[in-house]
Amino acid sequence: MQPRNMSMSGVVDLAAVKAAGEAKAKAEQARAEAASRAAESGGAGPSAGAVPPSALVIDVDEAGFERDVLQLSAEVPVVLDFWAEWCQPCKQLSPLLERLITEANGRLVLAKIDVDANQMLMQQFQIQGIPAVFAVVAGQVLPLFQGVVPEQQIRETFAQLVQVAEDRFGIIGIEVDPDAEGAAAAAPDAGEIPAGPHDALLEAAVVALDAGDLGGAVQAYKNVLADDPGNTEAKLGLAQAELLARVQHMNPQAVRTAAAENPRDPAAQIAAADLDLVGGHVEDAFGRLVDTVRVTFGEDRDTVRLRLLELFEVIGADDPRVSAARAALARVLF
């Protein structure tokens, strides 16, 4: 599935069902209960006062979901980032979400959920592909978007979320103390490992990716590989950046239509496979290209095969889906 944007219409529908006064009362009651629990536990938790910036991004599991998400959502909108270690698009989106949440300065909190370790939550949210992003406001779940989307679009979605939380539920966020963890962060670690010769270039590539400068990221990774052709991190990063650059200006509907109408067209199937992968549908992308290799010949077949190998690089050689797809490709070729 291609990256798709879920409109904020769910928020509007929710507001129509629940009167603003009722929603605010519910939020106030939940805040009071959370404050009472915090007082009983010695003042811990966001209700007890300002929190450090690091508290704005948290890891959440099934056991702590009610406390860390549902209860907290009475004080601040909680954005849910469903991800997995094997999901390369997730690794592009998550740092961007973390940065934007930190910039919101307490008006949003990001809860990161590893789908491999929390299958029940994945099923409850009916997630079909990752990365997938939801929000919880006053205990109400709202879909935001799926797949990798542009930074400006995420900013606009978050701005809507903050506005709706305040206008409809009276939720204004939590206080952040930027100095709470400054002393520890400022002191360098005496045992810190010296930076490697390509660390600065690799960091520049990551910064470029976070900023949406895909061309800059591609060039930075190529600069590393020019000196160190075997650099695994640069090879992986380059494959990811080139994939995102290819899909950046695609018209998903047109690409899907062309692929459906031309099952033997290598270019059409390659474009659709790129969209599949960016949307988190790894097996669909691999299966599409293996099937295309099966029905093509000569240069067309080789073109599809090479793109499939590039997509293997994006996911990583150790991923079991890559191993399965390699075996399927071998059966088709030989």
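Trainee: What makes Ser-73 count as buried?

Mentor: In this predicted model, Ser-73 has 0% relative accessibility. The word buried applies under 20%, so Ser-73 qualifies. Ser-73 lies in the loop between α3 and β3.

Trainee: Which residues does Ser-73 contact, leaving aside neighbours within four places in sequence?

Mentor: They are Val-78, Val-136, Val-137, Ala-138, Gly-139 and Ile-171.

Trainee: Pro-77 is found in the loop between α3 and β3 too. Why does Pro-77 count as buried?

Mentor: Pro-77 has 1% relative accessibility, and with the cut-off at under 20%, Pro-77 therefore counts as buried. Setting aside residues up to four places away in sequence, Pro-77 touches Arg-107, Leu-108, Val-109, Val-136, Val-137, Leu-161, Ala-165 and Ile-171.

Trainee: Why is β4 described as largely enclosed?

Mentor: Five of the six residues of β4 are buried, which is why β4 is called largely enclosed by the rest of the structure.

Trainee: How do you know that β4 pairs with β2 and with β3?

Mentor: Pairing takes at least two bridges. Three bridges join β2 (residues 57-59) to β4, and six join β3 to β4, so both pairs pass the requirement. β2 and β4 run parallel, as do β3 and β4.

Trainee: Which elements make a β-α-β unit, and what is its handedness?

Mentor: β3, α4 and β4 make that unit, and it is right-handed.

Trainee: How many residues are in the largest nonpolar core, and which have the most contacts inside it?

Mentor: This core has 52 residues, and Val-79, Leu-80, Phe-82, Ile-154 and Phe-158 have the most contacts inside it. Elements giving two or more residues to this core include β3 (78-83), α4 (88-103), β4 (109-114) and α6 (151-169). With seven residues, α6 gives the most to this core.

Trainee: What does Phe-158 touch, not counting residues up to four places away in sequence?

Mentor: Phe-158 touches Val-79, Leu-97, Leu-100, Ile-101, Leu-108 and Leu-144.

Trainee: What is the make-up of the whole chain in helices and strands?

Mentor: The protein chain has 15 helices and six strands. Of its 334 residues, 44% count as buried. The chain exposes about 16,400 Å², of which carbon and sulfur atoms supply 53%.

Trainee: Where does pLDDT stay under 50?

Mentor: One such stretch is residues 1-24, for which the model has 46 contacts beyond four places in sequence. Residues 41-48 are also below 50, with 10 contacts beyond near neighbours in sequence.

Trainee: Why should we hold back in such places?

Mentor: Where pLDDT is low, the predicted coordinates should not be read in detail. Over the chain, the pLDDT averages 79, and 79% of the residues score at least 70.

Notes
Residues are numbered from 1 along each chain as its sequence is written. This is a predicted model: local features need pLDDT of at least 70, side-chain atom pairs count only at pLDDT 80 or more; totals for chains, interfaces and linings use all residues. Side-chain values use heavy atoms; hydrogens and water are left out. A nonpolar core is a set of buried Ala, Val, Leu, Ile, Met, Phe, Trp, Tyr and Cys residues joined through side-chain atoms within 4.5 Å. Buried means under 20% relative accessible area, exposed over 50%, partly exposed in between (1.4 Å probe, protein chains only). Helices (H or I, at least four residues) and strands (E, at least two) are DSSP runs, numbered from the N terminus. Contact means heavy atoms within 4.5 Å. pLDDT is the predictor's confidence in each residue, from 0 to 100. A crossover is right-handed if, with the strands pointing away from the viewer, the path from the first strand over the helix to the second runs clockwise. Accessible areas come from the Shrake-Rupley method with a 1.4 Å probe; for residues, only the protein chains shown count as cover.
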